[in-house]
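Today I looked up a helix pair, the overall fold and the ligand shell.

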Amino acid sequence: MVSAPRRTTTPRTEEPPGALEDLLTVREFEARARRILDPVHYDYIAGGARDEVTVRANEAGFARLSLLPRVLGGTAERDSAVSILGTRASMPVLVSPTAFHRLVCAEGEIATGRAAARADTILIASMASTVAIREVAAAARAAATDRDPALWFQLYLQPDPQDTLALVRRAAAAGCTALVVTVDSPVLGVNERNVRNRFHDLPPGLACENLRNLRGDEPDTVRRIGMSPELNWDDVDRLRAHTKLPVLLKGVLHPEDARIAVDRGVDGLLLSNHGGRQLDTVPATIELLPEFAAVAGRKVPVLLDGGVRRGTDVVKALALGATAVGIGRPLVWGLAVAGEEGALRVLELLRAELDHTLALCGARGVKDLTPDLVRSAQAGAR
Ligand SMILES: Cc1cc2nc3c(=O)[nH]c(=O)nc-3n(C[C@H](O)[C@H](O)[C@H](O)COP(=O)(O)O)c2cc1C
Ligand SMILES: CC(C)CC(=O)C(=O)O
């Protein structure tokens, strides 16, 4: 996914999407997307590393936890808004960075930017977007007429630090208010579905637009995304010294690394196993959350992604110490089914489920969610 464009499969003809209101759950969106998408692209999105043990573990990890509600302490109005490092979101469900949205819908990240802005939540735009960040930001601004859209930028530190700084300048100029540095990819994970499907490159016409003419001193070129196995903590320090934006790390899994990150002054952590797409057989993120929250949670915001498919998942993660959760694949399924409206519908389904779960838990808002509301059920229960 990081080399020059080469021909790939042709998209399937879209089947009539049917009324969006008929799709009641994230899983129904996935099923619909699977029918619509080119199977090669579906596999790229749905798949994970190697045996996909961690892909399955993420969802199963939530299912193994039970909720233990409180009664008779509720209220008719529930407050789900959160503020993270100075960025406000109307709900604690953010859009995690996912690459290549134009693979699944013509407008690509323009649609994503508008949907996140209309849902009034944070979009963490991927460095590997098929639309440049300034255009995503402009679309989000136009959609969020009464406020600044909440836009963060995800990046992989590039082998040449000058490339990284050029990306940071682009993100800051576009109005991004935080940087999310993905640190779980010293090398790319291997999705064996992609290998079998010979899906190695973007189709002609699509490119990582944030890497176009990055240094401004070359003829029209799109750089390749570089993964850097030699990166270390000093590289993160150097990035922080070059920007006033808060820096979060995405993909720290070991609690000791979380402690180091906090000690070195990182502003926040996104507990993520990349949706099971990097090292296979790492634990579900929800399993790691209590330990993570104990190490870092009182000092910096801890976000979590991986396997969030229901409002109950959001409540479990917040009760166990997350400030917010991110969704990866669900947003892409929404885009695939119906572009901006589909992505918005996925976000609004999760908002409604979250609010309903808060009510059933007797919580007046996300601030009422505490670890005593979550119990470990029998392993394997669903
Ligand atoms: C199709 C796809 C592309 C992704 N691209 C990126 C990316 O460009 N940068 C990144 O840090 N993470 C990327 N991720 C990982 C997501 O940010 C997120 O960690 C993961 O999808 C969360 O799990 P979920 O899909 O179960 O919600 C990608 C995930 C998917 C499914
Ligand atoms: C390597 C990126 C281009 C995309 C990514 O992170 C992913 O597909 O999981």
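Predicted model: local features only at pLDDT ≥ 70, side-chain atom pairs only at ≥ 80, totals over all residues.

At what angle do the axes of helix α4 and helix α5 cross? I found roughly 35 degrees, with the axes of α4 (residues 109-118) and α5 (residues 133-143) coming within 8 Å. Axes here are lines fitted to C-alpha atoms over the stretch in contact, with angles from 0 to 180 degrees between N-to-C directions.

Residues are numbered from 1 along each chain as its sequence is written, and chains are lettered from A and ligands numbered from 1 in the order written.

Next I checked who touches whom (contact: C-beta atoms, placed from the backbone, within 7 Å). From α4, the residues include Ile 110, Gly 113 and Ala 117; from α5, they include Val 136, Ala 139 and Ala 140. This contact divides into 7 nonpolar, 1 polar and 4 charged residues.

Then the whole protein: I noted 12 helices and 12 strands. The C-alpha trace spans about 65 × 50 × 45 Å along its principal axes.

Last, ligand 1: of the 23 residues around it (C-beta atom, placed from the backbone, within 6 Å), Ser 126, Thr 182, Gly 275, Gly 328 and Arg 329 come nearest. Its shell holds 7 nonpolar, 12 polar and 4 charged residues (nonpolar: Ala, Val, Leu, Ile, Met, Phe, Trp, Tyr, Cys, Pro; charged: Asp, Glu, Lys, Arg; polar: the others, Gly among them).

Conventions: Helix = DSSP H or I, 4+ residues; strand = E, 2+ residues; numbered from the N terminus. Contact = placed C-beta atoms within 7 Å.
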